[in-house]
Each structure stands twice: as C-alpha cells, then as structure tokens.
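Hi everyone, thanks for coming.

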Amino acid sequence: MSHGNMNLTLKVWRQKDAKAKGQLVTYPLTDISPDMSFLEMFDVLNEQLINKGEEPIAFDHDCREGICGMCSMFINGQPHGPKRGVTTCQLHMRSFKNGDTIVVEPWRAAAFPVIKDLTVDRTAFDRIIAKGGFISVNTGNAQDANNIPIPKPDADAAFNAAACIGCGACVATCKNSSAMLFVSAKISQLALLPQGQVERVARAKNMVAQMDAEGFGNCSNTGACEIECPKGISLENIARMNREYYMANIKE
Amino acid sequence: MSTATSPKFLQSSLGKKLVMGLTGLFLISFLVVHATLNSFIFFNDGGLIFNEGAKFMAENPIIRAMEYVLFLGLILHCLQALFLTLQNNKARPVKYAVNNGNANSKWYSRSMGLLGTLLLIFLIVHLANFWVKSRFTGLPGHDANGNENLYLVMQEAFSNLWLVVLYALAQISLAYHLMHGFQSAFQTLGWNHPKYTPVIKSIGFWFSIVISLVFAAMPIAMYAGLVK
C-alpha cells in the first residue's frame, strides 16, 4: 500500500429497482488514494465488482466538477458528505481516515423515489420548473444590456439564487423532506430581476402548487438545507418565496 | 400560465406555515401578559396586588373575549402542527440508516413536535390546577381587600414538591420551543434581512431564556418560602 493510502469499509444501499426491497451491503476497500474523489472511489469499487462478475453500483454523476447537480449520495448522514459547499464529486477521500466505515444511502423522500441503488428520480424538480421557473420572451436579437438597469445588489442576489444546481441535497437533509430551498431559489432568481416581473404572481402560485402536489414536506425552518447546500443558497430565499406567495395570493 | 392548479391559500404548504407562525406569535404575546401579571406575586404582599390583577383579568370584557381567541389560537397551533407532522412523515416513508442532524441544525429545531407535546401535557395539568378552579369550581375565600384569593390556590399548589418540579421542567421545554419558534415565526412571515435577522434571533434567544426563568421562578420561590 503506497504511503497515505487508506483501507475503508463501505456500506452502500443496494436496491435492484424501484419496487425491490433494498438493503445496506458491506464492501471492504483497500489501498484508496486520499487524492481520489468520492466518485472515483466508487469507480474503483465498481471495477472490482465487475471483475468479480457482480452488478456494479448505480449512482448519478455527470460533469464531476460540481456544476451539473447530478451527483447525490447521502454520506454518513449528510448529503454530499461532511464537507461544506461541495458536491459529492468534489469530495475527496482525504476527508476520511484510514479504517473509517462510510455509510452511503440514496436521497430519501417520497417525491424522490429510488430508481436503482443510489440513483433517485428527481423529475419532480423538473415539473416544478415547468410550472413557472422561466420567463416567456420572444427570442431574436438580444437588446443592449444597458437598456434595463438593474441595481447591483439585486443582480448579486439573483445570481446567488441562480447558483442552485437542483441536486436535491436540501430535500435529502430536511427532516420534513421539504423542497422549499430549491423552489425559493428558482422563484427568487426571477423575482429579483425586471424580466421576471410579468409572470411573477402566477409563478409563485403555480410553482408552490406543484411543489405541494409532488408530495414534498413542509418547511419548519431548521436551516439544515442552507448548511448542506453545496451552492450556499441562503434561507433568505425561503423568506422571499413566502413574501412572493403571500403577495400573489393577496393580488389574485 | 393559468393559476387554476393553485390550491386555496390555507390549504397550501405556505399557508399552513403562516398559520403556525401567526398563532405562535400570538401565543408568545399571551406569555408576556401572563408572566407580567403573575410577577405581581413578587411584590411579596401576601398576594394583594396579584389578586387585584386577577380580578381585573376576570372582569374585563376584552380579556374575557380574548380568552376564547386564545383557546382558538392554541387549538389551531396544535392541530396544524399535528397535520403538518403527519404530512411531513409521509414525505419520507423510508428513513435513513444514518442521519447526522446535529451537523446542520439544532436538536430543538428538529424537536418542535416533541417539545410542543410536552408543553401541551403541562398545559392540561396547569389549566386543571388554576384555570378550572378560578372559572368553574370556585376559589377558597377572599383576601384582605375582599378580592377572590387566587394567590392562596397558588400557594397550596406550589407547596407540592412534585408539582414545582413539573412546572420547572416544563419551562425547559418552553425555553427550547421558543428558541426555535420565535425567530422561525419571523422567517415564516418573510422577515429575513441581513441587518435585522440577527437582532430578531438575539431577541428570541434572550426572550426564551428570560420568560422561562420568570415562570420557573414563581413555583420555586413559593415552595422555598421566598414569596409569602
């Protein structure tokens, strides 16, 4: 074993398909480099499983640089593992110690049903976006950017909300499986900008209605989502969504 | 876009949150009145001023009407919490094998249902001890000023050590329930601001501690004979 490498025990949720009953399966892993990402460690494990003729572990991943929102994994009781402000693909094995046991589970929520092993169906988020997470404008030549002055603080707040990658860590960590941090970020990024004003009222009402219809839980302001969010989406967004929704219901 | 799919406001998740927040703040406002009035026992005059205050509360028509509003608020707060908890449990049918909640939130923020249930049990005992007597079964005689002697009921109740312990422990539940509830209500109302939210959180923290200590001080002081 080369210097600094680790031996680990992994306990991974294995579930054949959406209907099957799953269970935690233990896998011993040896000689893991501390410089590997968490997903690369899974690649190593899957190689070993394939070589042994076993079914590799299904897990979501895409860009592996923390911007696509595909990777998930509930690692030792926290979404995206113990580090703050990173996704699972940006989590490195140096965050763990030689001899550690690491429990890896899929996101748990009725609205995020397990597809297989660690992959869950997050299309509930897509359906919420389809209810108003956009602006309706004619395409064509973009007008001059300076035609619509936007105060810098508003632009910054909108940008911070737009940093949400829709990974679902907020839902996964929330004791109520509430999606309010995600929905509030999507409502906020448009509510803060002039382009978002036309559909503002309908957006707040329809996106919240879809969120409720998908079976997400109710926010109780524990603040866990804000801490676990890999993109640092703030609870201020949930307060803004509350205001947007109350005002929308007063107006219409 | 059509708004046809939008449910009635009070049936929506955000509407329900608002009910929790507003009833919570209303109940907090009651705590302030209750703690202030009861602190009259600390005048240490054999309960004369306290009984005077109790008489005012019993006879003032606005206070009488508010009693109904108070019970309505309390019932709404409890029922809504029950419905929300059931709904939230349904939102995660399969639980985590390992969930490190302490890494991202306070235990009392995650235990509002438990703390609230403890408070409700305490409240039932508390109402049986005082409210039922003063409203229905009658009080034992009058004080030197001719007012009904609620103070005497208090003295009798708080000569029982177990009751004093129960009252003191209930205040711990109250402190933690408020520590989350106070600031949470403002977040629910949409009041989150980088300048004011830290102030609200700080006020909420100290309010929770002080009001619980004031309430706990009454039975303890009476049992210890500090208030006569």
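Okay, let's start with a pair of helices. In chain A, Val183(A), Lys186(A), Ile187(A), Leu190(A) and Ala191(A) of α5(A) meet Arg200(A), Arg203(A), Ala204(A), Met207(A), Val208(A) and Met211(A) of α6(A). "Meet" here is a contact: the C-beta atoms of two residues, placed from the backbone, lie within 7 Å. Sorted by class, that contact has 8 nonpolar, no polar and 3 charged residues. For the classes, Ala, Val, Leu, Ile, Met, Phe, Trp, Tyr, Cys and Pro are nonpolar, Asp, Glu, Lys and Arg are charged, and the others, Gly among them, are polar.

Before going on, two notes on what you're seeing. This is a predicted model, in which local features need pLDDT of at least 70, side-chain atom pairs count only at pLDDT 80 or more, and totals for chains, interfaces and linings use all residues. Residues are numbered from 1 along each chain as its sequence is written, while chains are lettered from A and ligands numbered from 1 in the order in which they are written.

Back to our helices. At what angle do the axes of α5 and α6 of chain A cross? Roughly 170°, and the axes come within 10 Å, with α5 covering residues 180–191 and α6 residues 200–213. An axis is a line fitted to C-alpha atoms, for helices over the stretch in contact, and angles run from 0 to 180 degrees between N-to-C directions. So α5(A) and α6(A) are roughly antiparallel to each other; that label needs an angle over 145, while under 35 is roughly parallel, 65 to 115 roughly perpendicular and the rest oblique.

Now the whole of chain A. It has 8 helices and 7 strands, where helices (H or I, at least four residues) and strands (E, at least two) are DSSP runs, numbered from the N terminus. Of its 252 residues, 48% count as buried. Buried is 20 or more other C-beta atoms within 10 Å of a residue's own, exposed is 12 or fewer, and partly exposed is in between, with C-beta atoms placed from the backbone. Chain A is divided into domain 1 (6–115) and domain 2 (123–251), with bounds from an automatic or database domain assignment.

Let's zoom in on helix α4 of chain A, residues 169–173, where Val171(A) sits. Is Val171(A) buried or exposed? Buried, because 30 other C-beta atoms lie within 10 Å. Leaving out residues up to four places away in sequence, its contacts include Trp107(A), Phe112(A), Ser177(A) and Phe216(A).

Most residues other than glycine have a negative phi. Ser177(A) counts as buried because it has 26 C-beta neighbours inside 10 Å. Over in chain B, Asn44(B) also isn't a glycine and has a positive phi of about 60°. Asn44(B), though, counts as exposed, with 11 C-beta neighbours inside 10 Å.

Last stop, the two chains together. Here 38 residues of chain B are in contact with 45 residues of chain A. The chain B side divides into 14 nonpolar, 18 polar and 6 charged. The model scores ipTM 0.93 and pTM 0.94. That's me done, thanks!
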